[in-house]
Every structure is written in C-alpha cells, then in structure tokens.
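Colleague: I am new to this protein. May we go through a few residues and the pockets together?

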Amino acid sequence: MSLEIPKLNFAVHHISELKTVFKALPKISLACFSWDAPYSKPEVGFKMAHNNEAIFVCYQVCEDEMLARYSQHNQPVYTDSCVEFFIAFNEDSNYYNFEFNSLGTCLAAWGPDRNQRQSTAPDLLDQIRTRTTVSRLNQGQSPRFEWQICIQLPVSVFIHNKITKLSETKARANFYKCGDDLSEPHFVSWKKIETNTPDFHQPSFFGELSFL
C-alpha cells in the first residue's frame, strides 16, 4: 500500500485555514481490524497534505463511546479515544509515533521498536498545532459521537532527521485508531498488521509515502 501526499503551495498561518483545503482532498479509510473486531465498529478516515514546512493530517471519527481524560503531553492518551500516526523517513530504521486524543493532547517518541523509545520533550510537542471538534449525534440511551482533529506537524518536531523540505521525500508509515480503556476496546489501522496480539509498533507493516 502506498500514498502520494499532495503539496500545498502556500504557508499556513492558522490551522483553521486548512478547513477548505481538506474538503477538497479524498478521505482515506482506516478499515483494517487486524485482531478481533468490536461489535460496534468505529468509522475512521483521514486526509493528509504538506507544504514542505509541515505535515497536515486530519482524522474524522464516528464511534459509540468516547474518552478524553488526558490534558498533559506524553500522558497515556492511547487509553482514551485516540488516533495515531507512525512514520519513518527514507531508509531510517527508527520511527516516530504521534498519538492524539480528542483534546489534542500528544504522546510522542522515537526509536526502532516498542521498547527502545526516546520520548519527545513537551516543549517540542507544543510546536504541534491541533484543532478539534466533537459532536453528539443523538441524545438517546445509545449515543454516537463524531469528532475530528486536524494536526499540523512542523518539520522541526522530526529532530532526529535533517529535513529541509518534504517534497521528494520518501517515508514509511501507518495510521491508527484505538481506545484501550473503552468498554469495548478496538484497534484499527490503515495497513494490516499480522501479529497475534494488538501491537501498532510494527514498522515491518508500514506502508509507503511519497511527498510530492
């Protein structure tokens, strides 16, 4: 699986400016339940672009249950309702993981696998801009929630790689949705992961990205 990431030919001064841009981009579905699928499957998709100075990712989620408890960077947001983006540039064997709950709180680190990871400093994560919206779709006993998060990742957060521009850069990545502490946990990905138990830290199953 591979994606070509379109280039925006303008600077983005406020993340709200991306609203119109993302409307015109195709939505890519997250539909791989590599392990047991929950009874109520979340509907998840994302859109992605760049402008050489930053990567822009917008997730759209619809699910029956939401958790949003963590407000400080590098807290365990993966136990909340969470979307994630893992990326390795060029031939680097190390990868970055960026994980966000619906409050925009970020957990991030870098390393070769799940266990050998170096946390990203909170002041660096403060450079990431997010914009979130949450809607409750009904008021009955079985609510359904729709939420969206738009993320602006400046190249400065990729401190372990010397990236001067994103155009013509190759990368490997995967995209995820999870919620470990939901009453019915789920684990969804863009590219299928072939392990016996849920584990997103599997760079051998990343797909290919080409930044145009």
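**A residue in strand β10**

Colleague: Where does Gln-152 lie?

Modeller: Gln-152 lies in strand β10; helices (H or I, at least four residues) and strands (E, at least two) are DSSP runs, numbered from the N terminus. Please note that this is a predicted model, in which local features need pLDDT of at least 70 and side-chain atom pairs count only at pLDDT 80 or more, while totals for chains, interfaces and linings use all residues. Residues are numbered from 1 along each chain as its sequence is written, and side-chain values use heavy atoms, with hydrogens and water left out.

Colleague: Is Gln-152 buried or exposed?

Modeller: Gln-152 is buried, at a relative accessible area of 9%. Buried means under 20% relative accessible area, exposed over 50%, and partly exposed in between (1.4 Å probe, protein chains only).

Colleague: And what is Gln-152 in contact with?

Modeller: Setting aside neighbours within four places in sequence, Gln-152 has contacts (heavy atoms within 4.5 Å) with Val-12, Ile-15, Ala-54, Ile-55, Phe-56, Gln-127, Ile-128 and Arg-129.

Colleague: Let us turn to the cysteines. How many disulfides does a search of the whole structure find?

Modeller: The search finds zero disulfides, a disulfide being a pair of cysteine sulfur atoms within 2.5 Å. Cys-82 is in none, and the nearest cysteine sulfur, that of Cys-178, is 4.3 Å away.

Colleague: How far apart are the C-alpha atoms of Cys-82 and Cys-178?

Modeller: Their C-alpha atoms are separated by 5.3 Å, although the two residues are 96 apart along the chain.

Colleague: What surrounds Cys-82?

Modeller: Cys-82 is found in strand β5 and is buried, with a relative accessible area of 0%. Not counting residues up to four places away in sequence, Cys-82 touches Val-77, Glu-99, Phe-100, Asn-101, Trp-147, Tyr-176, Lys-177 and Cys-178.

Colleague: For contrast, how far apart in space are Glu-194 and Phe-98?

Modeller: Glu-194 and Phe-98 are also 96 residues apart in sequence, but 21 Å apart in space, C-alpha to C-alpha. Glu-194 sits in the loop between β12 (187–189) and β13 (207–211) and counts as exposed at 59% relative accessibility.

Colleague: On to pockets, then. How much space lies in the largest pocket?

Modeller: The largest pocket holds about 320 Å³ of space. On a 1 Å grid over the protein atoms alone, a pocket is an open set of points where a 1.4 Å probe fits, with protein on both sides within 12 Å along at least five of seven lines, and lining residues have an atom within 4 Å of a point. Grid points are joined across faces, edges and corners, and the volume is the space filled by probe spheres set on the points.

Colleague: Which residues are closest to the centre of the largest pocket?

Modeller: Among its 18 lining residues, Tyr-78, Glu-84, Glu-99, Arg-114 and His-201 are the closest to the centre.

Colleague: Which strand gives the most to that lining?

Modeller: β7 gives the most, with three residues. β5 (82–89), β6 (95–101) and β7 (106–111) each supply at least two.

Colleague: What is the lining of the largest pocket by class?

Modeller: It has nine nonpolar, three polar and six charged residues. Ala, Val, Leu, Ile, Met, Phe, Trp, Tyr, Cys and Pro count as nonpolar, Asp, Glu, Lys and Arg as charged, and the others, Gly among them, as polar.

Colleague: What is the volume of the second largest pocket?

Modeller: Its volume is about 230 Å³. Its lining includes Ile-15, Lys-47, Cys-58, Arg-131 and Gln-148, and by class it has four nonpolar, four polar and four charged residues. The largest share, three residues, comes from α1.

Colleague: Now the loops. Where is the place of Thr-105?

Modeller: Thr-105 is in the loop between β6 and β7 and counts as buried at 4% relative accessibility. The Thr-105 side chain reaches the backbone oxygen of Tyr-70 at 2.7 Å. Beyond neighbours within four places in sequence, the residues in contact with Thr-105 include Ser-71, His-73, Val-77 and Glu-99.

Colleague: Finally, what is phi of Asn-52?

Modeller: Phi of Asn-52 is near 75°, a positive value in a residue other than glycine. Most residues other than glycine have a negative phi. Asn-52 lies in the loop between β3 (43–50) and β4 and counts as buried at 17% relative accessibility.

Colleague: And what is phi of Glu-168?

Modeller: Phi of Glu-168 is near 70°, again positive in a residue other than glycine. Glu-168 lies in the loop between β10 and β11 (170–178) and counts as exposed at 68% relative accessibility.

Technical notes:
Polar contact = N/O pair within 3.5 Å; in protein donor to acceptor, adjacent residues only side chain to side chain.
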